[in-house]
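Work through these exercises on pockets and cavities. Keep the sequence and the 3D view open beside you.

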Amino acid sequence: VVAYAAARHITVVPEIEMPGHAQAAVAAYPELGNHPDVPVEVSRTWGVHEDVYNAEESTLRFLQNVLDEVLDLFPSEFIHIGGDECPKKQWRESAAAQARMRALGLKDEEELQSYFVRRMDAFLFARGRRLIGWDEILEGGLAPRAAVMSWRGEEGGITAANAGHDVVMAPTTYTYLDYNQTTDPSSEPLSIGGYIPLEKVYSFDPIPAGVEPEKAHHILGAQGQMWAEYIATQDTLDTMAFPRLCALAEVVWTSKERKDYAGFLTRLKEGHLPRLDALGVKYFPL
């Protein structure tokens, strides 16, 4: 996969989620969780679950060993550690987690997550790589070299960029291609919901107004999200991704001054859709 992508000028960025989205790992290795004596099953549904990694030294070493294997497989500069949707309930209720916080001089569970991320940041930096995570890694203080993917709107990206951190803008309001494209869900494949039509994607500005001009270079670009909980077939993926992905591509490759939605639609209909037809891509009809 890495070689196939590299031949097409694409870098594959791996993501190993931590400290949340860890239920499967905790089910397999109970000692990584906060209640090792309580059996945990691998979830049969997607979503946010309360089983998260503990912050013990042995767990950090385990995850760093996993990352070492990831680094051997993926040459990418950035390594994604997730960092999103980490419930703090188990840490609040765990005597071991609370003792760990006291030993480290941390005031709350958000700072414990920040400590967790900072350890991974230092680990990756020592190996010549860069940590990137979702905007929740801002909570409790951002690791010094970390880059941020801003998904819960634009504020996280604005805050990170103005603080001198690199950012990839990926807000739900413009770039979630698993959202509906019309106001009639019955006309579309089953999805998580939401509403982001083609024109809304095209209206996206990857450099929000709140970013200070001298910090705008910290916005590395944008990312379109295609979460696959409802994506059962290639045709469904095609329908959700295209032609909105065409709009997002022009957004990130074109200066704001040169954007022209009417012109984009003309180019799309006359140039790109025929290419998609030739490739057998089942895009959503205009």
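**Exercise 1.** Sort the lining of the largest pocket by residue class.

*Solution.* The lining has 14 nonpolar, three polar and two charged residues. Ala, Val, Leu, Ile, Met, Phe, Trp, Tyr, Cys and Pro count as nonpolar, Asp, Glu, Lys and Arg as charged, and the others, Gly among them, as polar. The model is predicted: local features need pLDDT of at least 70, side-chain atom pairs pLDDT 80 or more, while totals for chains, interfaces and linings use all residues. Residues are numbered from 1 along each chain as its sequence is written, and side-chain values use heavy atoms, without hydrogens and water.

**Exercise 2.** Locate the largest pocket and give its volume.

*Solution.* A pocket is an open set of points on a 1 Å grid over the protein atoms alone, probe 1.4 Å, with protein on both sides within 12 Å along at least five of seven lines; lining residues have an atom within 4 Å of a point. Its volume is about 680 Å³, the space filled by probe spheres set on the points, which are joined across faces, edges and corners. Next, find the centre: Leu245, Cys246, Leu248, Ala249 and Trp253 lie nearest, out of 19 lining residues. Helices H10 (234-241), H11 (244-253) and H12 (261-279) each give two or more residues. H11 gives the most, seven. Helices are DSSP runs (H or I, at least four residues), numbered from the N terminus.

**Exercise 3.** Which residues line the largest cavity?

*Solution.* A cavity is a set of points where the probe fits but cannot get out. The largest cavity has a volume of about 40 Å³. Asp178, Leu190, Ser191, Ile192, Trp227, Tyr230, Ile231 and Met240 line it. Six are nonpolar, one is polar and one is charged.
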